[in-house]
Structure formats: structure tokens, C-alpha cells
Amino acid sequence: MVQVEGLTKLYGEFTAVNELSFSIQPGEVVGLVGPNGAGKTTTLRCLAGIIPPTRGTVIVGGHDITRAAIDAKRQLAFFTDEPRLFDYLTVWQHLNFVARIYQVADYENIGATLLEELELTNKKDALPGELSRGMKQKLAIACGLLHSPKVIYFDEPLTGLDPYGIRRMKDSILKRARDGAAIIISSHLLHLVQEICSRLLILKNGRKIADGTMAEVTQKFSESPGDASLEEIFFRATSDPVAPPVLPAETK
Amino acid sequence: MITALFYLQYHSTRNRLVTRFKRLQQPKYLIGAIAGGLYFYFYFFRYLFQGVGRGGAHAGVPAVPPELLQLVEPVAALVLLVIVVLAWLIPHARAALTFTEAEVAFLFPAPVSRRNLVHFKLVRSQLRILFSALLLTLFSRRVGGNVGIHALGWWLILSTLNLHFLGASFARTLLLDRGVSNWLRRLLVLALVGSLAAFVWLWAKQTVPAPTAADTASFTALVNYAQQVLNAGPALYLLYPFHLVVRPFFAPDAAAFLLALAPALLLFLLHYLWVVFSDVAFEEASVEASQKLAARVAAVRAGNWQAAKKNQKAKRAWFQLAPTGPPVTALLWKNLIGVGQIFSARLWIILVVVVVALVAGFGNAARSQNFSMLAAIIIASLLGYSLLLGPQLLRLDFRQDLPMADILKTFPLRGWQIALGEILAPVTVLAGVQWLLLLLGFGLIFFLPGKHQALIFVIGLSAVCLLPVLDFLLLLIPNAAVLLFPSWIQAGKDSPRGIEATGQRLVFAVGQMLVLLLALIPAALAFAAVYFPMKWGLGPIVPVPFAALAATLILAVEAALGVRLLGRFFERFDVTEATAS
């Protein structure tokens, strides 16, 4: 569903993403992890067609995101870490707007169901300014799912959600995957990645450090089978070979 | 403890200045700073370095008549009185010293006394006051007087007012704490001011003779009479403290200034003691105010002026948006909602009815040809202004949506479609206003002299088709600029302020005019190519709409090419670089 080949993004002299290649099949949930500045958001933005790659190809649903951007973008949804909404459009107007952009003829039924699922029905006529952080996130999700995307990218999907919201978000991601969507989740929350991702892609300084199922990646960075958690694996994969920071004596 | 607060203030200011100087290494700031510096020099500063001419004014700048100067001090005192009364009358909130969120987070939980926080606030407000005093001096200096006296005078007035506002807010809070509601306070203040005003009026009625024809015969006589009322009896006593505050500013020389300074400083000191020794809990209201301020600043810095507005309300869509059809319409629909209720369909209908009524109402009055000619000139001027100012004021396009560029880029639309959709809303609104003005103009035609009727009719007819295309072109320029130079135009993060920003705006205004002139050349040539050959056979009037149509076609082609180009700019627009800048 998503095929990335030699993806490179340069900002002047700085290489944000370096020769990244991977592919995702329908129904797969891929966790994109890495320390700050690893190139996760830049990668997602290139995959979503928001920024053009300097080199390499990104194929989404069989369409090149650079050459056939429109067809590729029809297949995907991208959820940013901060819900990005138009301040002067109400919840329902957002859905109406997105429906026209993606030509969703039956948007009223789909939209009503989504609002019901996301518990936003009674906020139909509210402006984003009247919504809590979590509700804004839900509205962004409703907008993104309205056209039933086949490829979904999440950038830190759990930011600002309460425990109920987190539970619902995880269920929603897994449901979409079961329905055949290819999903990429970029997150620093390793327990989330471990819980819902079927594959792991670790980036560091724009380069791919590891790519495989949880078991494969764990095996690659374990000293003995089953000796480490994902957190431990992450540190082994991404940290420089230097001594860990020494804590002050009183905090030890 | 107070030294730590001074340290914070000193280093914050210093670092801010250093950052601003450092960024002059970037051409966009350097060019802006040079252009802004030249503007400020030629418009303000050069007067500071020029000799004083006759009448105390500078060469080339008219002096204030001496008789008027005598009246200025009592009037200034009166204005100050009104400001102070309003400060006691209008506000309703509890005292809230505005701190930034960082200051609230660091200082409020820290062992810093309330008095020290007030001192910190006072010191910080001095920066704003000094800057305001400098600007006001630059203005007031242009009508004559000594620079030093003006600067110190302004500083004293602003500082005393600042202390008074603070003291009044503390007093208001104390009254609220003691159960005196805002309305009761307002009633008391109104009663006091009303009784004083009535007393002065009664006194004036009995002792000052009513103005005679001689008193209003000339400007000087009128000024003398007003001076007589303001400088005698209880009015003088009522205004006395305010006279003390403004007197140093109006001092003609250093000796008079020093003489006036002592009582003004004493008043300043009394205000300071009042503020510092008022023990009022302002922390809770300050926390709330700082949060609101931070939210507004964040919204403005993100270029989102809509969100920065208070009490935003949901607005009805201008038309029903079907889920299928050209996606460009969705952007037009969205941005028209952003225009708000002020330009609702209902308002358009009301405006049309008003215009029609006005035209009908002109009927008799407009039989006077002078009136109709004047109205026609006003309409033509308004149309001109709408072309010049409209594209600057209506920013419902990329200038508003650029912070959402990453979302727009995920839409399955081509660049030109997004560009077209973004520009259509301001064009629609602007063209609507212009057509309304033209409608009014057409109504007036019937009352104009016969020889002008036909000419004005064809010019109006030409404007009907020319204006929307011109609007479109004029809107393309700032939109292209915002995509090509986002950090120059966009009110994004770290957007420049001060001299650099003024300079950048000047540079862009000149650039826009040049681009527009270039775009008009082919249209003007097309106009001429149609007009002059037809003029030989048909006379000067008939060819005008045909020539205008040719010019419109050329402009439309340019607009279409412009949208394609704008779309390409948007496709190439790197949201990451824009955010980083």
C-alpha cells in the first residue's frame, strides 16, 4: 500500500532524511520511532505529500506522491500532533468542507456516524474555540476518516487525550487496520507502539536503524532472546556508545 | 529580591535587542531596517536636528498660533480629567497586573513580595512609557518647542497616568472586596462628577457672561472666551492637579520647566506611594489575564487573527455546499464563512435596498447637478480606495490560511485549484462592494448634465467588468509575495516588529505597485489598440466599453496565468522552512 524507495530530504546542507526505504502492506500498523530530530515528522510529511522529497520515490496506493499527487492524496489521511482546524468553521461545517474536497457524496450519514462514535454529536454547531483539546483531536480524526482513507499517518496521536480518549484512539487505529488500512504511527510513547504496532521502524539522524516485526527488532538488539523491553531496545538502537548519564548522588 | 527582578528585566531587554541586531545580518531585516530607518528619519527625526524657526516651529512646519497655545494647557488638563474619570467609570475587572505566562510561572510561586512584583511591573512599564514618550515627542516636536522639555513632559504625563490607572484598579478591587459593586461605584463617581460639573456650570452661568456675537466673531475671540471659562473660578481649582501634570510639557524654557517640575514630581511621588502601599491581591486575576494574553499572542503569532478575537461566534454559510462538484468552491465557501456575519447575504440585500432607496431619494435633491457631481466624485474616490485598500484589508486568502498550509497540502487538489479557491473569497467580497457603489453611481447618472451622462455611463459599464479582474490581479500580488517571502509578510512566529517591519512593508508596497504597473501595460495597450481605431468612426464614447472589454480579456488572461503561477508557488512552498523562519 505504501512503498518508499531511497527517500531523502535535504535542508541546505542538513540531511533530515537519508536514503529511507520500506514498504507497508494493507492491515499493517507500523511504529515510527526515534529520538528528537531523527526525521520522523519530516518522513511523514514527505509521505503525505506536504513537502517534496529531495530524492527518492513514495508510492501510495499505487500512485507516486510527486507525479500523481492527487490520486495518491485521495487515498490517505494525515493526523498531525496538534489538531489543525479552521477557527471559524463549526464541527459540522468542517465535515461539509472536507466532504466537498474529497467528493464524499454520502457525507451526512458517514459524518453523523463518526460524530456519534467520537461523542461529538452535541457539539455539531460548536467552533473549535469552544472545544477541549481532546475534542479538537476527535474532530480532526472525524475529518480525516470521512473519506475512508486506505493509508493513515498519525503523528503523536495520543497527545492531550484523557485515558478514555487514549483507549478509544487505540481501538480506532486497530479497527482501521483490521479493515485493511495501512497505518504509520510516529510516537515517543514506546508502550503505545509496543501495544498496537505490528512492525517497527527506528530512525536516527534521518537513517533507518531497524525495520521489522517487534520480534525481529528485539532479536536484532538483544544480547539474549527476550532479555529486553522495547524501551531497552530503543536505547540500544539509538544511543551513542557512551556511558549513561550519571545522576547526582542524592537522586540515586 | 528586587535585584533578581531587575536582572530579569535587564537581561530580557538586552537579549531582545541583541537578537534584533544579530538578525540584521539577514538581508530581509537589513533592507527593512534601512528602509524603515530612512522613513523614520525623513518623517520624524530630521526635525530633531533642525534649527527652530519663527514662532518656535521648524522651517517648513507651521507653528501653533500663540493665542491657541494659551488655551492648549487648560484643554490638555481637561482631557486628562476626562481620561481619569473614565478610568474610574468604565473598567469592571479586578486589578490584574499583566505578566507573561513565564513570569507567572517563575515569580508567583517564588518568595517574592507583592510589593516587589508591583515594582517589577512599574519598571517594566517604564520601557513602554519611554518608547511612547519618544514617539509622542517626535510628533509634538513638529509643532515647535524644546525636544528635551517635550520628552520629559510626555514622560511625566504618561508615567503619572500609568500610576493612576494602577492605583485606580487597586482601589476598584478594594471596593469590590468591601462589597461595593461596579455599578454602585460607577453611580458614586457619576454623582461626584455630575455635582462638580453642575457646580462649575452654575458658577460660570452667574459669573462669566454668556458668549456674545463678539466672542464668536473670530478664532482669537473664541479662544479668549474659552480661556476665560477654564482659567477662572472653580474650574481652575478642579483642573489644578491636572494643570500640574501637563504644565512641564508646555513650559516655554528650561527655567519655567524646572519651576513646573517640582509640583508635578510631587504628584508623581504621591501616586507612586499610593500604588506601592496598596495591598491588593491581584495574583488570581493576573494569572487569568496572562493566560488570555498568551493565547491571543500565540494566535496572532501563528498568523491567526481570527482566533485572537474575543467572543467568536459560529457564522452561517453564505450558500449550501453540496458534497460533490468543483472542490475549489469548498475553499470559497470556507473563506466566505470567515468573512463573518458582517458580510452576510442579509446584509447584501439590505445594502442593495439602501442603495436603491438612496438613488430614489436623491430624486429631488439630486436635481441639483452640483450635488450629483459631488456624489459621483465621492463614489469614484471610494472605488479607487477599494482597489488600493481592499486587497490589503481583506486577507481571507493565503495570508490567513498559510499557518494551515500543511493541511491544505494534504488535500487532493492541484496547486492552482487551491490558489483559485483561496483568492475567490476576497474577490467576491470586494467586487460585491464595488458593484454596489457602481449601482449607486448608475442611479446618479440621470441627474448629471446631459453631456456627461453618456461618458459616465460607459465608464461605469466598463468598470463593472474591469474591477473584479483588477481585484483578482491585485490580490494575486500579496498572495504570491506571502508564498515567496513568508517571513517578510506573514505574521508568523518571530515576525519582525518596529523599524524593520515598517521598512519591509514599505519595500513591499513599492514592489506591489511596480508589479501592478507591469501587469497593466499589456491591458492598456489592448485598450488603446481597440479604442483609437474605433474612435475615428464612432466618436470618443462608444468605443470605451469595447476597449474596456479588450483590456478585461487581457487582464483575465494575466489573472489565469497568475493563478497557475501562484499554484506552482504553493506546490513548491516548503511548510517546514516557513515554520522555521
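Across the interface of chain A and chain B, 15 residue pairs are in polar contact, with both residues at pLDDT 80 or more; a polar contact here is a pair of N or O atoms within 3.5 Å, one able to donate a hydrogen and the other to accept it, and residues adjacent in sequence count only if both atoms are side-chain atoms. Welcome to a predicted model, in which local features need pLDDT of at least 70, side-chain atom pairs count only at pLDDT 80 or more, and totals for chains, interfaces and linings use all residues. Residues are numbered from 1 along each chain as its sequence is written, chains are lettered from A in the order in which they are written, and side-chain values use heavy atoms, without hydrogens and water.

**Where the chains meet**
- On the chain A side, α3(A) gives the most, with seven residues.
- By class, that side of chain A has 17 nonpolar, six polar (Gly counts here) and eight charged residues (Asp, Glu, Lys and Arg).
- In contact (heavy atoms within 4.5 Å) are 31 residues of chain A and 41 residues of chain B.
- A:Arg84, A:Tyr88 and A:Arg100 supply 24% of the area that chain A buries against chain B, more than any other three residues.

**The salt bridge**
- The rule finds one salt bridge across the interface, meaning a side-chain nitrogen of Lys or Arg within 4 Å of a carboxyl oxygen of Asp or Glu.
- A:Arg84 and B:Asp406 form a salt bridge through their side chains, at 2.6 Å from N to O.

**Chain B itself**
- Of the 581 residues in chain B, 43% are buried, that is, under 20% relative accessible area (1.4 Å probe, protein chains only).

Technical notes: Buried < 20%, exposed > 50% of the residue type's maximum accessible area, 1.4 Å probe, protein only. Buried area = accessible area lost by both parts, 1.4 Å probe. Helix = DSSP H or I, 4+ residues; strand = E, 2+ residues; numbered from the N terminus.
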